[in-house]
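Please examine how the assignments in this model follow from their definitions.

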Amino acid sequence: MFAFKKLRDRLYELRFDDQHEMCMTFLRYQEFYESPRFVGRSFTLAEFMSWYVKEQSKDGTFSYPKDWGGFNMPVNIIKQVNDLGIADPNHYDALMSAVYKMITAQCDNAYIIGVTYDAGIDKHELTHAMYHIDDKYHKLSNQIMTTNLGLIEELQVPLLNGGYASSTVIDEIQAYITTGDHRYFFKKFEKRKDFKELESALKELHKSHYASFLKTIIKQKLSDKKKR
């Protein structure tokens, strides 16, 4: 089971009670958006599964539905995938097409996140959304990261090796560092002075924007409750 919801202007959520269903729903679209192997390409699930088992799995199985705990992407990715054509459509694709139609009937340039019910308010996925929706945060975050391009290039390596495409690693760097999730990819950098300085600057910027961004979402949820 899942619930589809508008969280705020230009931001939507699919929330699942089953992690496997969430992962399989988003797989084709998320990997088109940021897979190091399939970014921007049409592919079948069989092609992806074969590659993932060989190149990304730690135990030699198709562990994708266990490896990823949340998803995020611009909604227009759904259209891009459909425009290229899907050779092996399934019910997950039908759901995403329906979601796309509902969202684009309301607004343009929207963003969607995928989470499970036990995730609560998912700070990591919402930080990705804020990076895309809040133009000021996006600009200032990028400015901070350009102050040490050498470090940024180093931080990209574990992300590229861990399943991300070069087109989205800057977004991933700001999200992993500001939400405290950096231990997944940047643990070896934690004691470095340049990393601490980058972390401090990004977290300070995040703190100054995230509260108001979250407040808008909470207000929307309260408004929804009043309508029931």
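Q: What makes Arg10 stand out in the hairpin of E1 and E2?
A: In this predicted model, Arg10 takes a positive phi near 75° in that hairpin, which has two residues between its strands. Local features need pLDDT of at least 70, side-chain atom pairs count only at pLDDT 80 or more, and totals for chains, interfaces and linings use all residues. Numbering runs from 1 along each chain as its sequence is written, and side-chain values use heavy atoms, with hydrogens and water left out.

Q: Why are E1 and E2 called paired strands?
A: Strands are DSSP runs (E, at least two residues), numbered from the N terminus. Two of them pair if DSSP finds at least two bridges between them; six bridges join E1 (residues 2-8) to the antiparallel E2 (residues 11-16), so the pair qualifies. Among the partners, Lys6 is bridged to Tyr12 in E2.

Q: How do you know that Leu198 is in contact with Ile144?
A: Contact means heavy atoms within 4.5 Å. Leaving aside neighbours within four places in sequence, Leu198 is in contact with Ile144, Met145, Leu151, Ile152, Leu155 and Ile177.

Q: Why do Arg28 and Arg41 count as charged in the lining of the second largest cavity?
A: Asp, Glu, Lys and Arg count as charged, so Arg28 and Arg41, which both line that cavity, fall in this class. Ala, Val, Leu, Ile, Met, Phe, Trp, Tyr, Cys and Pro count as nonpolar, and the others, Gly among them, as polar. The lining divides into four nonpolar, two polar and two charged residues.

Terms used. 1 Å grid on protein atoms, 1.4 Å probe; cavity = no way out; pocket = protein on both sides within 12 Å on 5 of 7 lines; lining within 4 Å. Helix = DSSP H or I, 4+ residues; strand = E, 2+ residues; numbered from the N terminus.
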